[in-house]
Every structure is written in structure tokens, then in C-alpha cells.
Amino acid sequence: MKTKNLFAVLSMVTVSTIIVSSCDKSQSKMDDKSTSVATGKVAPSNRLAYVEVDSIMSQYKFCKEYSKILEQKGNNIQKTLASKQQQLQAAAANFQQKIQQNAYTQEQAERVQIGLQKQNNDLQALNQRLGSEFQAETEKYNKALHDSLQHYLAAYNKDKKYGMIFAKQGDNLLYADKAYDITNEVIAGLNKSYKGKALSSSEKNKK
């Protein structure tokens, strides 16, 4: 298990689903507008804005701090599994050497072989358990990021009155005028409201 493989899931964080209003809700028809006017309901704002997802991931303090936490966890998992793997390989090599030297009776060789198989099974189980724990921690991070962005943008948009805020990631928007870019403003607001919960939460989990 390599660290970069462990972090592959981070690149799949669907921030776009966090800060983009539902497309279904945005597909208003002319009949809907007419109904809104007739019933006295306020028509949705046609103001648009977008946020650069990569900038949030690299500049939002919460993301940077949690990335360090996950990196450390990934390194620890890698070291643990590598150590166990080396021990198993050494035991297997020793077994093979003694077999060639006829140092075991058949009964002894079978017992050692059973022990090696158990050690291998334990390693596979450990690999799966640590991987699941890392996945759970990553999902916890994704949920915390989701909640953080939703909470902030809900408060932010009370004054801004945007009808829709898009998440710009890679080439998912074919064209976006920089005049609609609110990334720096959003990041500044996120960092101002952030109280270092990622690291404090991690420390609590260690206790």
C-alpha cells in the first residue's frame, strides 16, 4: 500500500456536489416564472458565481491541516505493512533454507508452513483493516469539508444573493469569465471562520 494510492481518494472529493445548486432545481421554465409572479413568489436570482475547487483544496486551512493528518496516517500504515511484510519474507526465506538443508522433519515442516500461512493471512487482514480505517478517516474528512462549505456558503449568500455558485474544477466549465470568480473571497471567509478543528479533532482521537 503506497501513500499516493491512499491519497487517490482525496483527488476524488466531489466538492462540486457541495457548492453547486441542483441542476434539477435550476431548470425553471417560463410557466414556472409566470406562476411565481402570479402567486407573489420572488423569482430566483440570475446572479452567478464560481469557485476554483483546486484553490480551496490548497489554500483552505482546514484542507491543508487535514491533508497533513492523512499523510501522516498513510505513512504510518505504509511503514507498518512494510515491516510486517519484511518479517514474513525473512521467515519464509529461513524456512526455505532449512528445507534445503533437511533441517526439518516432515511434521516440523508442516507446522512451520502452517505458521507462515497464518502470518500471511494476518498480514492480509491487517492490510484490509488499516485500509478500511484510512478510508473511514477520509470519508470523515470529506463530510467535514462538505459541512464546512455548505454552512459557510449558506451564510455568505444571504447578502450576496447568488442564484447559483458553481464549482470550477479542471475543464468542467468550458468558459468562465473571471468577473464571476469569488474564490479568493470565499477562501478568505472560510479561513477567517476556521478555528483549527482538524488538528484538535485529531488530537482528541489519539487520547
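## Helix α7 and its end

Helices here are DSSP runs of H or I with at least four residues, strands are runs of E with at least two, and both are numbered from the N terminus. α7 itself has 55 residues and spans 79 Å from its first C-alpha to its last, close to the 81 Å expected at 1.5 Å a residue. The expected span is 1.5 Å times one less than the number of residues in the helix.

## Basis of the model

This is a predicted model, in which local features need pLDDT of at least 70 and side-chain atom pairs count only at pLDDT 80 or more, while totals for chains, interfaces and linings use all residues. Residues are numbered from 1 along each chain as its sequence is written, and side-chain values use heavy atoms, with hydrogens and water left out.

## Overall architecture

The protein has 9 helices and 2 strands, arranged along the sequence as α-α-α-α-β-α-α-α-β-α-α. Of its 207 residues, 29% count as buried; buried means under 20% relative accessible area, exposed over 50%, and partly exposed in between (1.4 Å probe, protein chains only).

The accessible surface comes to about 14100 Å², and carbon and sulfur atoms hold 51% of this area. Areas come from the Shrake-Rupley method with a 1.4 Å probe, and for residues only the protein chains shown count as cover. Among contacts (heavy atoms within 4.5 Å) with a separation of 6 or more, 89% are between residues 24 or more positions apart.

## The strand pair

β1 and β2 pair in the parallel sense over 5 bridges, where pairing requires that DSSP finds at least two bridges between two strands. Tyr50 has Phe166 in β2 as its bridge partner.

## The nonpolar core

The largest nonpolar core has 32 residues, of which Tyr60, Phe62, Ile182 and Val186 touch the most other members. Such a core is a set of buried Ala, Val, Leu, Ile, Met, Phe, Trp, Tyr and Cys residues joined through side-chain atoms within 4.5 Å. At least two residues of this core come from each of β1 (48–52), α6 (61–100), α7 (106–160) and α8 (183–193). α7 gives the most, with 12 residues.

Leaving aside residues up to four places away in sequence, Ile182 touches Ala49, Tyr50, Val51, Tyr156, Tyr162 and Ile165. In soluble globular proteins, nonpolar side chains tend to be buried together.

## Salt bridges

The structure holds 7 salt bridges, each defined by a side-chain nitrogen of Lys or Arg within 4 Å of a carboxyl oxygen of Asp or Glu. In one of them, the closest N and O atoms of Arg111 and Glu107 are 3.2 Å apart. Both residues lie in helix α7, 4 residues apart, about one turn of the helix. Glu107 is exposed, at 54% relative accessibility.

Arg129 and Glu133 form another salt bridge, with an N to O distance of 2.9 Å. About one helical turn separates Arg129 from Glu133, because they are 4 residues apart in helix α7. Arg129 is partly exposed at 43% relative accessibility, and Glu133 is partly exposed at 44%.

Lys160 and Glu185 also meet through their side chains in a salt bridge of 2.9 Å, N to O. Lys160 lies in helix α7 and Glu185 in helix α8, so this pair ties together parts that are 25 residues apart in sequence. Lys160 is partly exposed at 27% relative accessibility, as is Glu185 at 35%.
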